[in-house]
Amino acid sequence: NDTLKLFIDEKIFGNNLSFLRKSGDRVLLSTPYEHKIYDFQSKSLIKSIRSSYEEGSLYYHKDIFFFLSGSQLKSLDKDNQIVDLVETPLPQNRSSLNYFNTNDNLFIYWRNKVQNLVKIDLKNNSTSIIKIPLVLRDLNWVKTVLMDGYVWICTNNSTFKCQIAGDQLVVEDRFLKNE
């Protein structure tokens with residue numbers, strides 16, 4: 001009704017709020033160092049999960065929040081229980097985490113000395129590496145989105161329309177070159 005209402009006054013977040021999501025009666029607030037789940041109606045804290053900057057924010061898919069703890073992929077289910085899913089090949093020193101999903105697969109992109117894309121089969125709790133083409137290497141992946149069956153990768157130097165074919169990421173088209 002054209003009004004803005006304060007949900008909760010969390011001064012500890014400062015300017016570091018990196019993720020906000022409402023799912024059913026839960027609201028998740030995330031910073032690089034902590035994830036907090038609140039009850040939407042009562043505004044009470046349900047759970048707090050400490051994290052480190054390298055772990056990145058959470059990813060939401062089908063009422064489940066996914067997050068990394070070290071190299072372990074974990075989830076926070078509908079009942080706010082933490083579930084260990086699978087050990088990933090993600091190194092401890094990484095940056096630029098991006099998540100996206102296709103059906104029962106979760107993909108995580110990260111940068112360290114080389115760029116990598118890991119595919120996590122959520123049904124079988126298994127992982128595999130997807131090879132990245134040279135044109136996408138050494139670019140900063142700002143956002144990755146799955147749309148109309150394609151993986152759209154927005155970088156610091158173009159937007160790429162891609163598909164995953166087996167263990168390869170294949171570039172179909174490139175837009176906004178040098179933008």
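Visitor: Hi! Is S158 buried or exposed?

Guide: Hello! In this predicted model, S158 counts as buried, because its relative accessibility is 1% and the cut-off for buried is under 20%.

Visitor: Which strand does S158 lie in?

Guide: S158 belongs to strand β15.

Visitor: And what is the phi of S158?

Guide: Phi of S158 is near 130 degrees, a positive value in a residue that is not glycine. For context, most residues other than glycine have a negative phi.

Visitor: Following on past β16, what about N178: buried or exposed?

Guide: N178 sits in the segment after β16. It counts as exposed, because its relative accessibility is 56% and exposed means over 50%. N178 is another non-glycine residue with a positive phi, near 65 degrees.

Visitor: Changing topic: how many residues of β7 are buried?

Guide: In β7 (residues 72-76), 5 of the 5 residues are buried, so the strand is largely enclosed by the rest of the structure.

Visitor: Which residues of β7 are on each side?

Guide: Q72, K74 and L76 are on one side, with L73 and S75 on the other; all of them are buried, so both faces are covered.

Visitor: How does β6 pair with β7?

Guide: β6 (residues 64-69) and β7 pair in the antiparallel sense over 5 bridges, and S69 stands opposite Q72 in β7. The two strands form a hairpin with 2 residues between them, and G70 in that turn has a positive phi of about 65 degrees.

Visitor: And what about β7 and β8?

Guide: β7 and β8 (residues 82-87) are antiparallel too, paired over 5 bridges. Here Q72 stands opposite E87 in β8. This hairpin has 5 residues between its strands, and N80 in the turn has a positive phi of about 65 degrees.

Methods. Residues are numbered from 1 along each chain as its sequence is written. This is a predicted model: local features need pLDDT of at least 70, side-chain atom pairs count only at pLDDT 80 or more; totals for chains, interfaces and linings use all residues. Side-chain values use heavy atoms; hydrogens and water are left out. Buried means under 20% relative accessible area, exposed over 50%, partly exposed in between (1.4 Å probe, protein chains only). Helices (H or I, at least four residues) and strands (E, at least two) are DSSP runs, numbered from the N terminus. Two strands pair if DSSP finds at least two bridges between them.
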